Amino acid sequence: LNLSAILSTSLLGIWDVSKEALGNGDLSGMSKLTYLTSAIQMSAICFVGLLPHSKDDLMELNKERQGHSVVGGIFLLVTTCLSISYAIVVGALNIL
């Protein structure tokens with residue numbers, strides 16, 4: 001599962017994407033939901049500029065104390081674990 005699929009499931013109530021609406025040919029809700037989740041998925045491109053530009057920049061970041069934050073590492077691990085857990089729960093609930 002990916003984040004856009006999870007968000008689209010969470011956002012189903014915003015626009016009418018019911019089986020009846022889709023059966024009647026009303027695809028406006030589905031297209032709006034597709035555009036929104038695609039934009040959210042593509043928003044990661046905004047952070048590409050924050051990456052080191054060369055190997056030397058990366059080595060310089062390793063020398064700085066800012067790159068070795070225990071709190072930041074814990075935050076990253078907790079966020080990752082919670083995201084994976086949420087994806088598993090949402091996927092299981094969609095199946096059931």
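**Exposure and helix terms in a predicted model**

Trainee: Why is isoleucine 88 called exposed?
Mentor: Isoleucine 88 has 56% relative accessibility, and exposed means over 50% relative accessible area, buried under 20%, and partly exposed in between (1.4 Å probe, protein chains only), so isoleucine 88 counts as exposed. This is a predicted model, where local features need pLDDT of at least 70, side-chain atom pairs count only at pLDDT 80 or more, and totals for chains, interfaces and linings use all residues. Residues are numbered from 1 along each chain as its sequence is written, and side-chain values use heavy atoms, without hydrogens and water.

Trainee: Where does isoleucine 88 lie?
Mentor: Isoleucine 88 is in helix α5, residues 70-95; helices are DSSP runs (H or I, at least four residues), numbered from the N terminus.

Trainee: Why does leucine 51 count as exposed?
Mentor: The relative accessibility of leucine 51 is 51%, so leucine 51 counts as exposed. Leucine 51 sits in the loop between α3 (28-42) and α4 (55-63).

Trainee: How do you know what span is expected of α3?
Mentor: The expected span is 1.5 Å times one less than the number of residues. With 15 residues, α3 reaches 21 Å from its first C-alpha to its last, close to the 21 Å expected.

Trainee: Which residues of α3 are buried, and what puts them on the same side?
Mentor: They are Gly29, Leu33 and Thr37.

Terms used:
Helices (H or I, at least four residues) and strands (E, at least two) are DSSP runs, numbered from the N terminus.
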